[in-house]
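Here is a short briefing for someone meeting this structure for the first time. Look over the sequence and the model, then read on.

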Amino acid sequence: KGEQTMKTRIIALFAFLFFTVLSVNAQQTDFTKMAGYYNFGDMTSIAKSDPVTQVEIEEPLLKMAAKMAGDEEGVNQLLNALKLVKVVEYELTINNKHDFESKLDELDKSFTNSKWERIVKSKSKGGAANVYMKSDGKGNYSGMAVMSLGMNNKVSFINVVGDINLDTIGKISTKFDFDGLKNLGNGKKDK
């Protein structure tokens, strides 16, 4: 019984140290100063509610996920190069759909004015999706942003910050059948 208590204390101590290191690392990184970061802004006034999904995965957890992925189709390489993955989703309703469509048009102009390159623009009767990349002008990408409206009655805003390899994303997209991103690995853009 005493040995079991000691093991429990040691495990608790390691867990405490692990999460302390994670929180210290998270507090030290200011993603807003990174070239690939994009602030979509607070959409709660448009949504008339809080987000239904909020995910923010920072570098330490991305590195841990990379280790767990092994070398699965470049996933390890992709995750190791990332600093932040942020996803915010809101419920899309009849009452807020027009306002969200207007906001996405406004954000599209903002991306263009901020020298983000739109690589995917998809519109259908049920929704729309745009994908943008932040380039240094030499073929290196430091950020990716995705806006989608209508998929599963949600509006999604995604920002990925870090070194982004389009070849790797293209391979992963083909493997998992992400239609809008399949041609990234071969230099083609889907519009």
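A residue counts as buried when its relative accessible area is under 20%. By that cut-off, 36% of the 191 residues of the protein chain are buried. Keep in mind that this is a predicted model. The chain holds six helices and six strands, and an open sheet brings six strands together.

**Overall make-up**

- Read from the N terminus, the elements follow the order α-α-β-α-α-β-α-β-β-β-β-α.
- The protein chain exposes about 11800 Å². Carbon and sulfur atoms supply 54% of that area.
- Take the contacts in the protein chain with a separation of 6 or more: residues 24 or more positions apart account for 58% of them.

**The sheet**

- Across the open sheet, the strand order is β1-β2-β6-β5-β4-β3, and the pairing is antiparallel.
- Which strands stand at the edges? They are β1 (53–58) and β3 (116–124). Each has a single partner strand, so one side of each lacks a neighbour in the sheet.
- From one strand to the next, the twist averages 5°.
- Inside the sheet, β4 (residues 127–135) and β5 (residues 141–149) run antiparallel and are joined by eight bridges.
- K134 has G143 of β5 standing opposite.

**Helices on the sheet**

- Helix α3 (residues 59–69) packs on the sheet and touches β1 and β2 (82–91). The direction of α3 makes about 80° with that of β1.
- Helix α5 (residues 97–113) lies across β2, β3, β4, β5 and β6 (154–164). Helix α5 runs at about 160° to β5.

**Salt bridges**

- How many salt bridges does a search of the whole structure find? The search finds eight. Three of them are described here, starting with D99 and K48.
- D99 pairs with K48, and their closest N and O atoms are 4.0 Å apart. D99 sits in helix α5, while K48 sits in the loop between α2 (44–47) and β1. The pair therefore ties together parts that are 51 residues apart in sequence.
- Is K48 buried or exposed? K48 is exposed, because its relative accessible area of 59% is over 50%. D99 is partly exposed, at 34% relative accessibility.
- K103 and E106 form another salt bridge, with the closest N and O atoms 3.1 Å apart. These two residues are three apart in helix α5, so about one helical turn separates them.
- K103 counts as buried because its relative accessibility is 18%, which is under 20%.
- Salt bridges that share partners join E59, K63 and K83 into one network.
- Within that network, K63 bonds to E59 through a salt bridge whose closest N and O atoms are 3.8 Å apart. Both residues lie in helix α3, four residues apart, which is about one turn of the helix.
- K63 is partly exposed, with a relative accessible area of 31%. E59 is also partly exposed, at 23%.

Terms used
Residues are numbered from 1 along each chain as its sequence is written. This is a predicted model: local features need pLDDT of at least 70, side-chain atom pairs count only at pLDDT 80 or more; totals for chains, interfaces and linings use all residues. Side-chain values use heavy atoms; hydrogens and water are left out. Two strands pair if DSSP finds at least two bridges between them. Axes are lines fitted to C-alpha atoms, for helices over the stretch in contact, and angles run from 0 to 180 degrees between N-to-C directions. Contact means heavy atoms within 4.5 Å. A salt bridge is a side-chain nitrogen of Lys or Arg within 4 Å of a carboxyl oxygen of Asp or Glu. Buried means under 20% relative accessible area, exposed over 50%, partly exposed in between (1.4 Å probe, protein chains only). Accessible areas come from the Shrake-Rupley method with a 1.4 Å probe; for residues, only the protein chains shown count as cover.
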